[in-house]
Amino acid sequence: MATAYGYFLASEDYGPQELVEQARMAEESGFTSLWISDHYHPWIEEQGHSPFVWSVIGALSASVTLPVETAVTCPTVRIHPAVIAQAVATSAVQLNGRFRFGVGTGEALNEHILGDHWPRAAIRQEMLEEAVDIIRRLLTGKRISHRGRHYTVENARLYTVPDEPVPIDISAFAPAATDLAARIGDGFLTMGPESDLVEQFRAAGGGDKPAVTGVKVCYEPDRDAAVRTVLRRWPNLMLPGELAAMLPEPQHFEQACRMVTEQHVLDSPIIVGNDPDEYAEALSVYSEAGFDRVHINQIGADQRGFFDFFRSEVLPRLNR
């Protein structure tokens with residue numbers, strides 16, 4: 001089966017009206033699905049946005065016919081899983097079954113805001129597994145009570161629920177989280193062409209469940225200007241290790257990003273410039289890595305130019 005290509009809506013970078021307009025352009029340009037990020041804060045002040053994702057999803061349901069997935073929601077700290085379950089159920093009903101729920105263990109950047117302790121990764125994975133179980137049970141429309149290690153639910157029932165179960169996909173960037181995705185997920189989400197993680201997911205029990213990834217690009221006719229745009233708008237993408245999960249405020253990311261250079265951008269998987277063959281070749285790596293779907297996000301102001309470029313030059317090459 002050929003790899004499909006969707007568009008990644010960056011809630012950190014745009015307001016709600018702009019995100020909906022980008023979704024319309026994505027559908028008109030031939031993209032076949034949407035990812036949308038779920039943040040409370042942007043990574044850095046330059047990005048400057050962070051609308052409430054569930055409101056935007058409601059607007060998307062009335063504006064486009066594409067499938068939509070959160071990429072990703074952390075359903076464990078900032079919002080209780082019983083409340084998130086209601087948002088998921090309503091979104092699935094609004095989208096007539098075109099909604100997938102992407103979840104992950106989150107970042108302190110978004111989850112620390114209520115002053116709760118930010119746990120280490122192994123505990124966050126344990127919390128995620130319990131949260132996913134609660135959400136799945138509530139999505140059946142049955143009344144549930146639950147007393148677990150991390151959460152309590154008492155006499156809860158969702159009255160507006162979809163006809164079919166909502167697929168819940170698990171985000172992973174490391175082996176332990178990938179094993180969790182294989183064990184409890186309806187699919188696997190990550191960023192970048194990580195073929196080793198796809199292989200691990202399938203071998204650990206993921207089988208033929210969908211493996212989906214995302215990639216950032218910067219379409220600009222001037223390649224050097226595109227590199228500078230990435231460095232200004234998304235330098236956090238080049239930060240190493242667990243910094244993305246552990247730093248609590250945009251100012252801390254800005255401090256860390258002072259170490260990022262133009263060479264880091266050039267060495268990253270981010271595609272820059274306006275050579276359609278280069279885009280097609282770089283994106284074909286994701287297909288070869290075994291991904292069923294790739295969601296692409298444009299960094300920079302020229303959204304219309306990006307969508308025209310992909311519609312006329314890149315997607316035809318990929319779909320041949």
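Analyst: Leaving aside residues up to four places away in sequence, Ser-29 touches Phe-307, Arg-311 and Leu-315 (contact means heavy atoms within 4.5 Å). This is a predicted model, in which local features need pLDDT of at least 70 and side-chain atom pairs pLDDT 80 or more, while totals for chains, interfaces and linings use all residues. Numbering starts from 1 along each chain as its sequence is written, and side-chain values use heavy atoms, with hydrogens and water left out.

Ser-29 lies in helix H1, residues 16-29. Helices here are DSSP runs of H or I with at least four residues, strands are E runs of at least two, and both are numbered from the N terminus. Ser-29 counts as buried because its relative accessibility is 7% (buried is under 20%, exposed over 50%, partly exposed in between, with a 1.4 Å probe and protein chains only). A polar atom of the Ser-29 side chain sits 2.7 Å from the backbone oxygen of Met-25. Phe-52 is 23 residues from Ser-29 in sequence, and their C-alpha atoms are 26 Å apart.

Now the helix pair. H5 (residues 121-138) packs with H6 (residues 175-184) at about 20 degrees, the axes 11 Å apart. Axes are lines fitted to C-alpha atoms over the stretch in contact, with angles from 0 to 180 degrees between N-to-C directions. H5 is therefore roughly parallel to H6 (under 35 degrees; over 145 is roughly antiparallel, 65 to 115 roughly perpendicular, the rest oblique). H5 contributes Gln-125, Leu-128, Glu-129, Val-132 and Arg-136 to the contact. H6 contributes Ala-176, Ala-177, Leu-180, Arg-183 and Ile-184. By class, that contact has 6 nonpolar, 1 polar and 3 charged residues. Nonpolar covers Ala, Val, Leu, Ile, Met, Phe, Trp, Tyr, Cys and Pro; charged covers Asp, Glu, Lys and Arg; the others, Gly among them, are polar.

Last, the backbone. Most residues other than glycine have a negative phi, and most peptide bonds are trans. Ala-71 to Val-72 is a cis peptide bond, with omega near -10 degrees. Val-72 is in the loop between strand S3 (68-70) and helix H3 (81-94).

Asn-96 is not a glycine, yet its phi is positive, about 55 degrees. Its place is the loop between H3 and strand S4 (99-103). Asn-96 is exposed, at 64% relative accessible area. Asn-155 also has a positive phi, near 50 degrees. Asn-155 is in strand S6, residues 152-156. At 44% relative accessible area, Asn-155 is partly exposed.

Definitions and conventions: A polar contact is a pair of N or O atoms within 3.5 Å; within protein, one must be able to donate a hydrogen and the other to accept it, and residues adjacent in sequence count only if both atoms are side-chain atoms.
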